[in-house]
Amino acid sequence: MAKLDGKIALISGGTSGIGAETARLFQSEGATVIVTGSSERSVVAAKAALPGIEVLVSDASDVAATKALVEQVKGKHSRIDILFVNAGIAKFAPIAQVDEAFYDNQFNVNVKGAFFLLKHAIPVIPDGGAIILTASVSGAAGALGGSTTIYGSTKAALRSFGRTFAKELAPRGIRINTISPGPIVTPILDKVGFTPAQKDSFIEGAKTRIPLGRTGTAAEVAAAALYLAADATYTTGAELFVDGGLIDL
Ligand code: NAD
């Protein structure tokens, strides 16, 4: 029997990168998988790339949309056994260049969107269900890549959600755990505001600081998500770094 046979899994931000790889893995383990993306364009591309997976447009920064998403999934599947709160954006800038729009954009997608998706989805998650959050090493340590002030603080909020929600959900046997990836080569690196040369230098610079000597892959983060979703039955409120040892060594 596959690890997720009969399970309904909702993955926010599943149209590319870590979310898409996790969707493929969960599907291969028997789950019915629903993923979201922010734009019609990303959803069209993901539908072609993710056969058999339901792909929906739902802007994570729009609280009403997170509620509508949960209602849509509940209407069709009646429940969400596994919720992977993964949608996120990353923009890097020195403090002096951060304006209100830059701040709001990342907090709205990464923190407000995550909170309200959790709030709306929790009543639809049966007792014994599992929640996984995607934070980042940037939420736990400064000066990893420079200029991560705002992005890092959004991810610190997610680590906090993981701990505080765990206490409240434990009486229902719902586990919530956080994955904090280090640098993973995904399309996000093309959206942070780097020039191609800056992107290459970021990746090369990261490799010199990562004890395992390389960046990670989306498949390696997906494997961690599967572990937390299916195997980690006595683990809640934990943070799993998938970072080649960057944080700890
Ligand atoms: P990605 O850009 O490939 O994927 C991001 C996903 O989030 C996409 O599906 C995108 O459509 C979705 N998304 C973005 N804004 C959204 C919005 N407003 N509404 C709904 N969906 C939205 O990047 P990724 O690397 O796979 O990132 C996935 C998660 O991992 C993010 O939360 C990111 O912060 C986190 N992360 C990534 C890395 C890395 O190095 N790649 C490291 C640490 C944490």
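Let's start inside the protein: helix H3 (63-77) and H4 each give at least two residues to the lining of the largest cavity. Helices here are DSSP runs of H or I with at least four residues, strands are runs of E with at least two, and both are numbered from the N terminus. A cavity is found on a 1 Å grid over the protein atoms alone, as a set of points where a 1.4 Å probe fits but cannot get out, and its lining residues have an atom within 4 Å of a point. Keep in mind that this is a predicted model, where local features need pLDDT of at least 70 and side-chain atom pairs need 80 or more, while totals for chains, interfaces and linings use all residues. Residues are numbered from 1 along each chain as its sequence is written, and side-chain values use heavy atoms, with hydrogens and water left out.

Back to that cavity. H4 supplies the largest share of its lining, four residues. Among the lining residues are Ser-12, Thr-36, Ala-60, Leu-69, Val-109 and Leu-117. By class, the lining has seven nonpolar, five polar and no charged residues; Ala, Val, Leu, Ile, Met, Phe, Trp, Tyr, Cys and Pro count as nonpolar, Asp, Glu, Lys and Arg as charged, and the others, Gly among them, as polar. The volume of the largest cavity is about 90 Å³, taken as the space filled by probe spheres set on grid points that are joined across faces, edges and corners. Searching the whole structure turns up one cavity of 30 Å³ or more.

Now for the pockets. A pocket is an open set of grid points with protein on both sides within 12 Å along at least five of seven lines. The largest pocket holds about 940 Å³ of space. It is lined by 46 residues, and Asn-86, Gly-88, Ile-89, Ala-90 and Ile-188 are the closest to its centre. H1, strand S2 (32-37), helix H4 (100-121), H5 and helix H6 (196-209) each give two or more residues to this lining. Its classes come to 20 nonpolar, 21 polar and five charged residues.

So where does the ligand go? The ligand sits in the largest pocket, meaning that more than half of its atoms lie within 2 Å of the pocket's grid points. Helix H1 (17-28) and helix H5 (149-169) are the elements that give two or more residues to the shell around the ligand. That shell has 29 residues, with Thr-15, Ser-16, Tyr-151, Thr-186 and Lys-191 the closest; a residue counts if one of its heavy atoms lies within 4 Å. Twelve of the shell residues are nonpolar, 14 polar and three charged. A ligand oxygen is 2.7 Å from a polar backbone atom of Ile-18, and a ligand nitrogen is 2.7 Å from one of Ala-60. Another such pair puts a ligand oxygen 2.8 Å from a polar backbone atom of Asn-86. Taken alone the ligand exposes 830 Å², and the protein buries 94% of that, with areas from the Shrake-Rupley method and a 1.4 Å probe (for residues, only the protein chains shown count as cover).

Key. Polar contact = N/O pair within 3.5 Å; in protein donor to acceptor, adjacent residues only side chain to side chain.
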